[in-house]
Amino acid sequence: MTAPAPGSLRVRGVLWALAWAGVAFVLYADIGMVRYARSMAGAYDLGIFTQGAEGWASGHGPVSAIKGGSLFADHFSPITALFGLAWKLWPDPRSLLVMQAVTLGIAVGMIAAFARERLGESFRAAAVLAALVSGLPLLSAAIAAPHETALGAPLYAGLGIALYRARFRAVAGWSLACLLVKEDSGLIIAGAALAWYLVHRRLRQSGLLLALGVAGFVASNAVIWWVRGSGSAYYGYVTESFGGLDPARALPAVMLLGAAGLVVRDPLLLVAVPGIVWRSLSGNRNYWVPEFHYDVLTGIVGALVLIAAVQREGRMLPRRALVVGAMAAVGLGTAIGERPWRADPLNRPEKEVVVSMLLTTIPAAGTLAADQSVGAYVPPDRHASMFSIDRQGTLALTPETTSCWVIMQPAQGDLSGTVAQKDQWLAGKAQVGVDPLVLAATGAKGCPAWDARNALPRKVPS
């Protein structure tokens with residue numbers, strides 16, 4: 001029996017990686033687009049990044065009225081230029097969902113290639129990859145909204161794989177690229193530096209990686225300070241609002257151990273540990289729970305660690321199989337709940353239709369705000385700010401002083417306010433409604449005149 005030719009093996013390897021990447025892409029793009037079609041997207045974060053994408057595509061940089069200015073005042077994330085590219089190709093909020101699915105799919109494909117390299121095209125490799133694709137760390141990112149962390153998924157995968165392959169130049173290159181994702185990426189590189197030292201005992205190389213992480217952390221936060229005029233507001237969650245002890249703070253660590261199949265002695269885990277500690281110390285509960293995009297790095301590191309452990313042990317130990325299977329089952333159940341079988345991801349959302357109808361009633365020059373449940377469906381060139389009843393400042397602008405009109409969904413409580421607060425705010429204001437939305441005048445000075453009684457057109461714009 002003749003051995004397969006090297007060329008055919010390479011082709012098989014590429015097809016294996018592409019197959020897993022394709023499955024992940026289809027799953028994540030479908031879930032995100034179905035949520036958008038069902039009018040479940042929000043100003044945070046799809047509305048924010050849609051405005052930023054339009055800014056990137058038009059050459060103005062990542063500017064968002066929802067955030068009150070440049071997104072670099074919020075996070076240092078040049079990687080969001082990819083959203084601008086997506087918008088250039090398809091000026092629709094769903095293009096951002098597709099771009100995020102592409103980057104998550106690429107990361108899965110890279111890990112699939114690594115799994116084949118270490119485990120072959122075996123059931124063990126397929127089990128780890130199935131758990132990665134269907135598990136909560138990546139799936140939650142697809143469900144939540146577009147985010148820079150998901151765009152960085154291939155960079156995280158490249159860094160982890162380079163560490164396992166012991167290629168210092170590749171580690172340094174991927175580390176440098178990771179600095180484009182977020183201002184705290186220096187913590188990831190610091191973890192990589194410590195992992196490199198523990199494995200190779202090369203102090204000079206580890207020191208260079210650590211220096212890169214520190215320099216990147218300082219430089220990216222300096223950009224935020226320069227644009228914002230002060231440090232990142234997110235550090236206040238640790239320094240000012242710790243909020244006390246809560247068992248839920250352990251969830252990020254639980255997610256990492258679960259994704260890694262209970263492996264605890266692999267140095268690569270250190271890449272994810274600094275971020276997990278930071279999240280656990282935060283006073284923002286959203287940083288703990290596995291419902292958003294914060295576990296993308298966790299899932300990638302966990303999968304790589306598990307692949308290496310299965311290779312070392314020569315089999316999938318029962319305890320690892322049990323934990324990984326449970327993680328996959330929870331994720332799969334979540335995906336099924338998020339994806340009604342008859343939903344069409346290409347349907348035009350009801351909110352988008354109603355928003356288009358209501359916007360025809362006001363002058364294009366008038367300033368506009370939208371609540372959390374509507375912001376993602378307002379065209380970004382209207383530069384709608386964030387309507388918030390109970391907060392003020394750069395993260396939630398006061399509509400009475402900055403906007404002439406507010407468009408909202410009164411029957412839904414969200415980040416903008418409770419149902420009761422919205423009803424109270426609407427009382428006595430000139431308004432017009434098309435179920436489920438209401439457009440109301442704020443009464444701010446200098447706004448154009450508006451006759452709400454004769455505002456609505458007879459026909460819904462197509």
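**Ser122 and the cysteines**

Tutor: The side chain of Ser122 reaches the backbone nitrogen of Ala125 at 3.2 Å, where a polar contact is a pair of N or O atoms within 3.5 Å, one able to donate a hydrogen and the other to accept it within protein, and residues adjacent in sequence count only if both atoms are side-chain atoms. This is a predicted model, in which local features need pLDDT of at least 70 and side-chain atom pairs count only at pLDDT 80 or more, while totals for chains, interfaces and linings use all residues. Residues are numbered from 1 along each chain as its sequence is written, and side-chain values use heavy atoms, with hydrogens and water left out.

Student: Where is Ser122 placed?

Tutor: Ser122 lies in the loop between α4 (93-119) and α5 (123-134), helices being DSSP runs of H or I with at least four residues and strands runs of E with at least two, numbered from the N terminus.

Student: And is Ser122 buried or exposed?

Tutor: Ser122 is buried, its relative accessible area being 18%; buried means under 20%, exposed over 50% and partly exposed in between, with a 1.4 Å probe and protein chains only.

Student: Switching topic, which cysteines form a disulfide?

Tutor: Cys404 and Cys447 do, with sulfur atoms 2.1 Å apart, the cut-off for a disulfide being within 2.5 Å. The pair links distant parts of the chain, 43 residues apart, with Cys404 in the loop between α18 (399-402) and β5 (405-408) and Cys447 in the segment after β7 (437-441).

Student: Why is it called left-handed?

Tutor: Because the torsion about the S-S bond of Cys404 and Cys447 is about -90°.
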